[in-house]
Amino acid sequence: MDSALLRLLMMRLRGGLRMRLMQLKSLRGLLFFLAFGGIVWLLVVANSSALNPEFLNNGALDRQALSPQIRTFMPLAMLGMSLLTVVLTTGPTFHFSPTEINFLFTGPFRRRDLILYKFSAYVAGVTLSSALITPFAQAQTGSALSAFVASLLTLTFVQLNSAVIGMAGQALEGSRFARYRWPAIALLFTAAVATALYAWVTPDRSVFDLLTEFRHSWIGTIILIPYIVFAELFVAPSLFPHLALWACIAVLINAVLLYVAIKLDALTTDRALKENARQSDRWERIKQGGSFWATQRTEVRSIRRAPLLGGLGPIAFRQTLNAARNSFKVIAVFIGMAACLGPLASAFGVPVTDSRALTMIYIFYGFILPRTLVCDFRGDLSRMEIYKTLPIAPWRICAGQLVAQVLLAYVIALTMIASILVFEDGVDTSVALMFAAFALPLTVLIYVVENTIHLLFPTKLVPMGRADFEFLGRSLVEFIAKTIVVLTAAAVSAGVGLATFTMIRTSLVLPGLASWVTLTLIGVLTLVVMQFAFRRFAVAETVD
């Protein structure tokens, strides 16, 4: 790599470190950093019970029991991630900002040096990510050094593998092989559905059994050879010679992928420039407010005039159109994931009433979905001045902002409920209707709390770089606060229902109705709080 690019890379790293230190100088940044560090410390302590001498032998046994599972399922998971990359990749493999295009592309640098420059910047970020993963992976690998090396090489492989797959797809576009892409994807999807259905109709064979057989078959071993290497990094019994040997093979694989990426880049330069321009426009829309996944343009038809509804209609219609144009693919992916919940839970033999399954569903519905699908106040941070000057009652503005977001999330919730109803034996129609009834006020409560926190403490939804601890700490604190509000509302609602049942003791209809009305009233009260937060929102204090 050219010495000038190396110096530029070092200056960027030094500037990123200076920015993090400046964040820690402020009280808010320091508090969020301490919150993030405290939560991570609690997770590490909970995950490292094997370090306690009393549980040392049990920890070793756990590592030995998990090693075969890692050898079996980690290569399959990495293969699945690669196939998902083929389907969902839309942006450039190596993103160059407009400033980099204007100054670096016109400078005396070879294209190979520019690719090495971007790859080196990514490795620097991956190094920090590996350091954060190390405390959690240490319990399995046995030492911090082995966990760090395994995480670093694996994350580097994931990036290079995705880059090669994406660039190979771009290089084949326009050729006679391009027409086979979607038939191949349809064939793989059909095979996956057939496997899930076979596991569902065969009680003594689960999806795990079928995947294990494929992993240990000769054809599975051939397909998964590169992925097996990185699984072995996490189960190596010693640093030398086991980890050293597998690490050398992993480094060789990453070097070959980097060489292939440089060669393929020469065939996709024109396409890369177009993708970089489109990606830069997308980042500009992100700076105006919104998440990365909710800013991809899709053309849809509109209507000439939205219904008024006292001023609420045009705001709700604008957010609906915004979701259709910017988040159509995200909505489709989330609905597809929700539809797969029932068959996957049935195929894996995990009931949705299990505490771990319910926790994962809540994290998806209460954290991942609101952070990814954004079509309310959180995506209109740069337009708050317009909303503050509208001659419309504040509660109508707040309600209009929530209509599209709540309905889209509720559709995803209904899809999950319908999927569970079809594939889960313990869920009948009455239980599904009860879930559907309570899902609506719960969804309203989640997004009212999200927007209230955003109006009280406005900020962008995109981190400033890979190591934005203030952003990570804020996200965790917000999720914990939202969870406390949701659990409190659920406890109050359940308490009212239990009290009603204690007094009546005839049927569950009236207690259920009392619980639903209580949860709905709590949602309405939080909407009043959101209206207060909107009134006190100061446009001059908006984060630039």
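1. Buried here means under 20% relative accessible area, exposed over 50%, and partly exposed in between, with a 1.4 Å probe and protein chains only. The model is predicted, so local features need pLDDT of at least 70 and side-chain atom pairs count only at pLDDT 80 or more, while totals for chains, interfaces and linings use all residues. Residues are numbered from 1 along each chain as its sequence is written, and side-chain values use heavy atoms, with hydrogens and water left out.

2. Helix H10 covers residues 225–235, and nine of its eleven residues are buried, so H10 is largely enclosed by the rest of the structure. The buried residues include Tyr227, Phe230, Glu232 and Phe234. Helices (H or I, at least four residues) and strands (E, at least two) are DSSP runs, numbered from the N terminus.

3. Proline 241 lies in helix H11 (residues 239–265).

4. The largest nonpolar core holds 49 residues, and Tyr365, Leu369, Phe377, Leu455 and Phe534 have the most contacts inside it. Helix H18 (residues 394–423) gives the largest share of this core, twelve residues. Another core, of 35 residues, lies apart from it and includes Leu160, Ile228, Val235 and Leu264. A nonpolar core is a set of buried Ala, Val, Leu, Ile, Met, Phe, Trp, Tyr and Cys residues joined through side-chain atoms within 4.5 Å.

5. The axes of H16 (residues 355–372) and H18 come within 12 Å and cross at roughly 165°. Axes are lines fitted to C-alpha atoms, for helices over the stretch in contact, and angles run from 0 to 180 degrees between N-to-C directions. H16 and H18 are therefore roughly antiparallel, a label for angles over 145 degrees. On the H16 side the contact is made by Ile361, Phe364, Tyr365 and Leu369, and on the H18 side by Ala409, Tyr410, Ile412, Ala413 and Met416. Contact means heavy atoms within 4.5 Å.

6. Tyrosine 365, leaving aside neighbours within four places in sequence, is in contact with Pro370, Ala409, Tyr410, Ala413, Met416, Thr443 and Ile446.

7. Beyond neighbours within four places in sequence, the contacts of lysine 482 are Tyr362, Gly366, Phe367, Pro370, Ile446, Val449 and Glu450.

Definitions and conventions
Angles under 35 degrees count as roughly parallel, over 145 as roughly antiparallel, 65 to 115 as roughly perpendicular and the rest as oblique.
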